[in-house]
Amino acid sequence: MEKFQESMYQLIVETSTKLPKDVRRAIAKAKLRENAGTRAAMALTTIAENIQMADENVSPICQDTGMPTFKIKVPVGVNQLKMKEAIHRAIAQATKDGKLRPNSVDSLTGENSGNNLGDGVPVIKFEQWEKDYIDVRLILKGGGCENKNIQYSLPCELEGLGRAGRDLDGIRKCILHAVYQAQGQGCSAGFIGVGIGGDRSSGYELAKEQLFRSVDDVNPNEELRKLEDYIMENANKLGIGTMGFGGETTLLGCKIGVMHRLPASFFVSVAYNCWAFRRLGVKVSPETGEIQEWLYQEGENVDFAKELEKAAQSVPAEGREIVLEAPLTEEQVRQLKVGDVVRINGMMYTGRDAIHKHLMDHDAPIDLNGQIIYHCGPVMLKDENGNWHVKAAGPTTSIREEPYQGEIMKKFGIRAVIGKGGMGAKTLAALKEHGGVYLNAIGGAAQYYADCIKSVEGVDFLEFGIPEAMWHLRVENFTAVVTMDSHGNSLHEDVEKSSLEKLAQLKEPVFK
Ligand code: SF4
């Protein structure tokens, strides 16, 4: 079992730090489709840079290393209990080594277990089969995209598309709607797995199962193959683009599976996965526990270092480029407009769900006047001298803070928030009234942003757990895009509106 534990550790580290070849090819293809100089092209260049850095540093591609989910097929007679224990030990070790973020939280007390273990975590599903080797597949799917999963119960009425009935055309409408509703919040461009049929839980399982298929495979069911092709072509007409910045590529892959259902139920379940599509697999010897073969290795590997050389010669991004030194004044912030690219130097403070809730009725531990709050739950490691180091630090989904953000900005005089996916009407109104700005960083670019952090100057609320603590970070050249300004403009609102219009153009039945 010692060797099996080592094999599982290798699988976890490789999955967290290196994107599989099929996913890399899909991202490189998307990059080619975007016009140089656009915001989408800039976002994809940052993503490429991030993938390259994660490769080189053997560090997590994204700071949210997700829910570790193992699907394991074993020959008859293999001891599954021992395998489970070995996986648990490998998970705890990978967390200790900073390859996984401590992501397992007690749902009632909010306490983080600190080692990625807990009730139901990790998810391990065993199946027996006739073959003589063990097949282990692992997916690390983050919370931002998990929150954009959606399930439809047919028949239903869909925004922009009208009635979705219990037929192939109704299914088509649900899938298009699933892509639309995700906007940029699940770190588009994304991959979707779709499960048709089953009950509520098996439908979602089937949808997730599709994410284990290779991006390049061809569905053996001719009807579903056609539907997958149709979705790929038409979802990319919605114009949501990378990070919801607008652009040519919204969807990088679509895989659809089907199962029987109850006569009274007709579910279409959609699992949305961000561009940081971390899933890998290995074949393991049941005798020795050693890895015999790595899966998902077919085809060409994209060298993002070369891609980046080409990008370095391309035109600069659209919009003004502005250097900001934090803390910020109201005057500086009011000059910023949607589309501006900002490069930030100075301090920023992380804050996400627990801190926003806490600050509503408590004082802040430091003076936040003029400061920048970064929606981020980083991967941190403490060295033997007690100093903290940032291992991964991309933005988290901002919309979760919508109930609190405006009030907190006004209460403490905060001038800017950085996150991803945008915020809603309440925050937009507060930015206008108070003189604030929302900056969209590139979701998942955890290595790229970790590199911008030059020192960790303190931490508060460590009792909330590493991802939820308030980290005091000194940054240099931290790049983000203004997507909501103090003049009432929101790029997110604009993209949502125009994508709804485009969605409505796909209303007419295609499959009868
Ligand atoms: S890329 Fe975005 S959605 Fe995906 S895990 Fe990272 S933060 Fe979450």
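Is glutamate 6 buried, partly exposed or exposed? Keep in mind that this is a predicted model, then select glutamate 6, which you'll find in helix H1 (residues 2-17). Glutamate 6 comes out as partly exposed, with a relative accessible area of 40%.

Next, pick helix H2 (residues 21-33) together with helix H3 (residues 39-57). Their axes come within 10 Å and cross at roughly 150 degrees. Angles over 145 degrees count as roughly antiparallel, so that is what H2 is relative to H3. The handedness of this crossing is left-handed.

Now show side chains where H2 and H3 touch. On the H2 side, colour Arg24, Ile27, Ala30 and Lys31. On the H3 side, colour Leu44, Thr45, Ile47, Ala48, Ile51 and Asp55.

Last stop: select helix H6, residues 168-182. From first C-alpha to last, its 15 residues reach 22 Å, close to the 21 Å expected at 1.5 Å a residue. With 14 of its 15 residues buried, H6 is largely enclosed by the rest of the structure. Then step just past the end of H6 to glutamine 183, and check the backbone there: phi is positive, at about 45 degrees.

Terms used
Residues numbered from 1 in each chain as written. Predicted model: local features only at pLDDT ≥ 70, side-chain atom pairs only at ≥ 80, totals over all residues. Heavy atoms only, no water. Helix = DSSP H or I, 4+ residues; strand = E, 2+ residues; numbered from the N terminus. Expected span 1.5 Å × (residues − 1). Buried < 20%, exposed > 50% of the residue type's maximum accessible area, 1.4 Å probe, protein only. Axes fitted to C-alpha atoms, helices over the stretch in contact; angles between N-to-C directions. Parallel < 35°, antiparallel > 145°, perpendicular 65-115°, else oblique. Left-handed = near helix turned anticlockwise from the far one by under 90°. Contact = heavy atoms within 4.5 Å.
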